[in-house]
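Subject: A structure for you to look through

Hello,

I am passing a structure on to you, and my notes follow below it. Please have it open while you read.

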Amino acid sequence: MDEIRALAIVGIAAIIAALSTPMVIRFARSIGAVDQPNERKVSDRAAMPLLGGIAVWLGCSGGLLAAHFLSEVGEFSPEIGGFALGATLLVAIGAWDDKLSMPAVVKFGLQIMVAGIAVYSGFGVNFFSNPITGTTNDIPAWILWPVSILWIVGVTNAMNLIDGLDGLSSGLGAIIAATLTIICWQAEQWTGVVIGLALFGALIGYLPFNFPPARIFLGDTGSLLIGFGLALLALQGYRKTAFLAFIVPMLALAIPLLDTSLSILRRLRSGRGVFAADRLHMHHRLLHREGSHKNAVLLLYFLTSCFCMIAVSFS
């Protein structure tokens, strides 16, 4: 992988996402896949089109195809097929939920299935380095599978939960994707580099339509796709022969992971279900303090960028 091909992948993904977003807006409105404001949502704009994730998926798919045609022998890993299949299934699940709604338990079960596909295709926490002896040990399958699936499902839902303001999930996703791609490049994990470039390009092509004031929402179609992609990037990017290497991608994902962890603890303490919605997320509190969507979103961009710079410095 060289810089010219990397820029080509990003550029193609961005152009496809940008060109397809207006068509997705018209499509979402034509089938009635629009947001319905309620008391737990920040936006009070009626009939805002959802399904923005379809444009991100199209851009990402275009970037992956470009990478395939530009790749040299040995650079295009079969694991990318696992990502593509899982991403496509999550987009379909999200689109169903955006249009017709889906019970949270059913959606969670389907996410576990998709995570299993990703682990089967080769993504996972495969090694652990002993900090005392310096030796690297293989992780047995009975630990690898549940830990890897828990990570993938956790990050997928973290990006879904934080998608509460215009441009928030897509912008944070772009920042984190760029960071994890750099980490993958440093670690010579070329599968992660290809996925990261395609996802980053698709997000920056889509973001102008989603940045406040948004003309389209990601919906679950997009937030699940972004979370899934970032989870797999983190699994590719951690240095498998270094102790505490997984801390590096966790730093990049600090904001969505912290918000999700606090949400779960808050709901458990109050006796409500883990899937119960509320307006106490980090972005809700920042919106109340800052007074505008744009200021709250830009502040979270800044905080995420700070964590990402720390992650890159440690890598």
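Predicted model: local features only at pLDDT ≥ 70, side-chain atom pairs only at ≥ 80, totals over all residues.

A definition to begin with: axes are lines fitted to C-alpha atoms, for helices over the stretch in contact, and angles run from 0 to 180 degrees between N-to-C directions. Residues are numbered from 1 along each chain as its sequence is written, and side-chain values use heavy atoms, with hydrogens and water left out.

**The overall layout**

The protein has 12 helices and 2 strands; these are DSSP runs numbered from the N terminus (helices are H or I with at least four residues, strands are E with at least two). Along the sequence they follow the pattern α-α-α-α-β-β-α-α-α-α-α-α-α-α. Of the 315 residues, 52% count as buried, where buried means under 20% relative accessible area, exposed over 50%, and partly exposed in between (1.4 Å probe, protein chains only). Contact here means heavy atoms within 4.5 Å. Among contacts with a separation of 6 or more, 75% come from residues 24 or more positions apart.

**A pair of helices**

Now to those axes. Helix H6 (residues 168-186) packs against H7 at an angle of about 160 degrees, and their axes are 8 Å apart. That makes H6 roughly antiparallel to H7, since angles over 145 degrees count as roughly antiparallel, under 35 as roughly parallel, 65 to 115 as roughly perpendicular and the rest as oblique. H6 passes H7 in a left-handed crossing (the near helix is turned anticlockwise from the far one by less than a right angle; clockwise would be right-handed). On the H6 side the meeting residues include Ser170, Gly171, Gly173 and Ala174, and on the H7 side they include Leu203, Tyr206, Leu207 and Asn210.

Ser170 deserves a look of its own. Ser170 lies in helix H6 and is buried at 0% relative accessibility. Leaving aside neighbours within four places in sequence, Ser170 is in contact with Leu203, Tyr206, Leu207, Asn210, Leu218 and Ile226.

**The nonpolar core**

The largest nonpolar core has 86 residues, and those with the most contacts inside it are Phe83, Trp151, Ile152, Phe228 and Leu230. The largest share of this core, 11 residues, comes from helix H7 (residues 190-210). Such a core is a set of buried Ala, Val, Leu, Ile, Met, Phe, Trp, Tyr and Cys residues joined through side-chain atoms within 4.5 Å. Not counting residues up to four places away in sequence, Phe83 touches Cys60, Leu64, Phe123, Ile195, Phe228, Gly229 and Leu232.

Another buried residue is Ser148, with a relative accessible area of 0%. Ser148 is found in helix H5 (residues 141-161), and its contacts beyond four places in sequence are Val119, Gly124 and Val125.

**Salt bridges**

How many salt bridges does the structure hold? There are 3, each a side-chain nitrogen of Lys or Arg within 4 Å of a carboxyl oxygen of Asp or Glu.

- Arg5 pairs with Asp2, the closest N and O atoms being 3.2 Å apart. Arg5 is buried at 11% relative accessibility, whereas Asp2 is partly exposed at 30%.
- Asp97 and Lys107 meet at 3.0 Å, N to O. Asp97 lies in helix H3 (residues 79-100) and Lys107 in helix H4 (residues 104-121), so the pair ties together parts that are 10 residues apart in sequence.
- Asp220 and Lys107 meet at 2.5 Å, N to O. Asp220 lies in helix H8 (residues 219-237) and Lys107 in helix H4, so this pair ties together parts that are 113 residues apart in sequence.

Through shared partners, Asp97, Lys107 and Asp220 are joined into one network.

**Backbone details in the loops**

A cis peptide bond, with omega of about -5 degrees, joins Pro212 and Pro213. Pro213 sits in the loop between H7 and H8. Ser101, although not a glycine, has a positive phi of about 75 degrees, and its place is in the loop between H3 and H4. Glu188, in the loop between H6 and H7, has a positive phi near 60 degrees and is likewise a residue other than glycine. Glu188 is exposed, with a relative accessible area of 57%.
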